[in-house]
Amino acid sequence: MARILVLITIFYVLGIILGRYYFTIPETVYLAVGALSWSTLHLLFKRVGLQVLIPLLLIFLAAGSLALNLSLQKAAGSIRHFSGERCTLVGMVEDEPLWREGDVVFPLRTEKVTVKGEEQPVSSTVRVVVRLDDPEWDGYVQSIEQGGAGEESPGIDGVGRNKAFSALSYGQKVSLQGVLYEPGERRNPGGFDYRAFLETRGVAATFYGSANGVTHLGIAAELSPLRRAALDIKAKMSAVLEAYLPEREGRLLAGMLFGERRALDEDTEKHFARSGVSHLLAVSGLHVGMVAAVLWSLWKKARVTGAAAFFLTLFFLFAYVYITGLKPATLRAFIMIAMAMGAVYLGRRRDLFTALAAAAFITLVYNPLLLFNAGFQFSYAATASIILFASPLRQRIIVFFDRAASLFGALPANGGKELPQAEMTADADTVATLTEALSPVLSTLRGKLSSLAAVTLAAQAGVLPLTAYYFGEISFVALLANILVLPLMPLIIFTGLTAAVLGLVIPPVAALLLLAGYPLLFYTLFVTEFVGGLPYAFMSVYPPRLHWLGYYYLFFFSAALWGRKLLHLVSIRRDRLSFYFLTAVLLLALFFTWPGVFEGSGGNLEVVFLDVGQGDAIYIRTPHGGNILLDGGGRPAYLGEVDGPGRSVVLPYLEFRRVKKLDMVIVSHPHEDHYGGLLAVLEEIPADMLVTSADESSARHYLELLNLAERKGIPRKIVEKGDRLFLGPSLEAVVLNPPANLYQGTGSDSNNNSLVLDMGYGEVRFLFTGDIEASAVERLLREGLLPRSDILKVPHHGGYLEAMPSFLETVEPQAAVITVGTNPFGHPHPYTLEALQEKGVKIYRTDWHGAVTVRSDGLGWSVEYMLTPLSGEADAAIHAVQGLKMEGGKEPFQVIKAGK
């Protein structure tokens, strides 16, 4: 009961999570009313204890859920009703624009929208992307909307920026012309949920326009003078740093002091991440604590004490936090420091867990969406871990240092040879004298190193799973890099902030200070580049599943609340128990993030039709753990970024599935929307075999794919009608098309020469048809090659086929998957859809359902999909087939030529 605020915060956070994924507003209200009635009833009968505590905690849980749902409703606003429309938006620039290569990005608080000449009031925040050079950029927009938000990239120089928009800044009221989009949801397992990403930042929609459609309307009435002043001061102080330092060092210092990471070059960010010191680039508790210490020292030297020192420190500290943007980490640090100072001032005992809970509760009441901010999660996980483990870990490290020193001192001199007694006495006196002289230095060094090591290791225990989840990498040299860099941070921050402030009034003094601080910045860059570049400095890992993160932190923070009670039940000393627990936590974190952990086929066949827009990408996971990729999506060359869907959809999915190697990659035919994405996939993931038809193409990107396979040592197998692909025990695919003599002179030879595969597992059959058209379909029907199949991949994205009724009559599919996206061809054709409906075939479309997954145990099959289409209910079909006896098969992953 002493830490009631900790429990309240935990339940409030739990309510936010439940509100995000499970609870609606009515359900939350019912819970709140029930809990309130329960507690009121017990209070009336004067019952206390758990009878009142439990409903009280449930009320805070309901409050968290309600706050989250209301925040999401406010964020969504009414702007999404106009999605897909070309319109004119009027609103206020809500933050400083991010200038990138070729475009500028900023949030716009909208006031009104004009569509087809009709003006409507709206109240939502929109993420605006304005192209600076070319108004025709549909391919660019499509890549962003499908691939997610590329938020941070190097900005263009100030001259180019001013030429584009001389007055575009916070508080500017503008009119924009362009197209409004509703952010896409997660459409593939493991994919990026762009809508959730924007919603948790209070953004409802995206807007794309060109520079010639922007009109400045002056300063908005809603502008906050205080925020405008803070942004101006930060811009001027950053300009001072960049004016008197080389470009790279100036931008680094601006990033360290004000969190301005947008101007940092990609290499610098990469080196900081791989050396495990990325936290230095974000204004965090380290920075706020140092500023507080400097301010307190200044008041002490100026003989300012008592309440004056307390409130002056808080005032200037909050000013710094406000200027840096009220980031979650700085808010946490400010609140905790304020509570610690208040406890000292009032003579009260400090409780770090209560202070941490208070900071989280206040921050999340202010904005519950911040819980899903990576900076919030990193800050609180690291701080909680440091509070828990830094002190006992430091004690164990000191013991280690002492034992190492005693071992070193016990080593015999002169390589172990026995010395004369006089020389031994002289050596002993010399060692004693040196030890006595160096003792204070060694003691101080031992204390500093043990503290740095303890804090670094404790923080790593808290954030390692998050690092793997967000960045897919973990650093093995973080301890070394932090020991080499962290001791310099107080001097860097003090010098940099002092110079930034003095630069506003006395530029020459600022220049001298920055000149003195330049070697420290150069050293920091050198250390991060050197340490981050060491062999095995980091390891790429597969991001852990979200539920494993939940299990990890449930275990982690349970120890924070109830770990002390455990101490009374065991005989191990408290410092040792904490040390052993931290070791177990680190090993657990590594286990959760290690490649291939908790991933298996479960003995079933999985066929996943990925949503790559207008294109095909089909992942097959065999019952024995094999990985096969049939096509890889892609984009037509005239839209640019041919491999875009492979990089933004297929690769993330394969990483999500922990695929370390592809046993077979199959290209149905040489069109970009089928093979383009494989250029990105095969660059990153090794493959044992590339299977294609004999149909050759002179297209540059297809030749690049074949050259890439040759360079990577991937053998190419050319197949034709009658060949068989053995994919594992009881799993094979028979090639039905193309014939040995390829089609020539048809409407589309390449489409008709697509690979058609009949894959069977037990009694369940799949028919993959590529993009075959009329000529190939008619031949397959005429020669009686089409088998009865349970699952049909509809030919050519559902395009028009006159013989579709006969085709369906022969194949008799129970479910059909149409891989289709936004396209100018009218796919899927109404005639095809009507034929499927007349036959009673269940239709799944990747443009409606997102990724479609079919699972089979050889006896039956089931279908799952990512999205529920608006047009109606689409229940997963499960068809049980009885009487199958499973048998062994040939050696897996072979191509057997016809007649052999």
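**View A. Helix α1 crosses helix α13 in a left-handed manner.** A crossing is called left-handed if the near helix is turned anticlockwise from the far one by less than a right angle, and right-handed if clockwise. This is a predicted model, in which local features need pLDDT of at least 70, side-chain atom pairs count only at pLDDT 80 or more, and totals for chains, interfaces and linings use all residues. Residues are numbered from 1 along each chain as its sequence is written, and side-chain values use heavy atoms, with hydrogens and water left out. α1 spans residues 4–21 and α13 spans residues 352–366. Their packing angle is about 35 degrees, and the axes lie 9 Å apart. Axes are lines fitted to C-alpha atoms, for helices over the stretch in contact; angles run from 0 to 180 degrees between N-to-C directions. Helices (H or I, at least four residues) and strands (E, at least two) are DSSP runs, numbered from the N terminus.

**View B. Side chains meet where α1 contacts α13.** Contact means heavy atoms within 4.5 Å. From α1 come residues including Leu 5, Ile 8, Tyr 12 and Ile 16. Those of α13 include Phe 353, Ala 357, Phe 361 and Leu 364. The contact has 13 nonpolar, 2 polar and no charged residues. Here Ala, Val, Leu, Ile, Met, Phe, Trp, Tyr, Cys and Pro count as nonpolar, Asp, Glu, Lys and Arg as charged, and the others, Gly among them, as polar.

View C. Pro 738 sits in the loop between β17 (731–737) and α25 (749–752). Pro 828 belongs to the loop between β21 (815–818) and α28 (830–838).

**View D. Leu 326 has a positive phi.** Its phi is near 50 degrees, and the residue is not glycine. Leu 326 lies in the loop between α11 (306–323) and α12 (328–346). Its relative accessibility is 23%, so Leu 326 counts as partly exposed. Buried means under 20% relative accessible area, exposed over 50%, and partly exposed in between (1.4 Å probe, protein chains only).

**View E. Ser 730 also has a positive phi.** The value is near 65 degrees, in a residue other than glycine. Ser 730 is placed in the loop between β16 (724–728) and β17. With a relative accessible area of 23%, Ser 730 is partly exposed.
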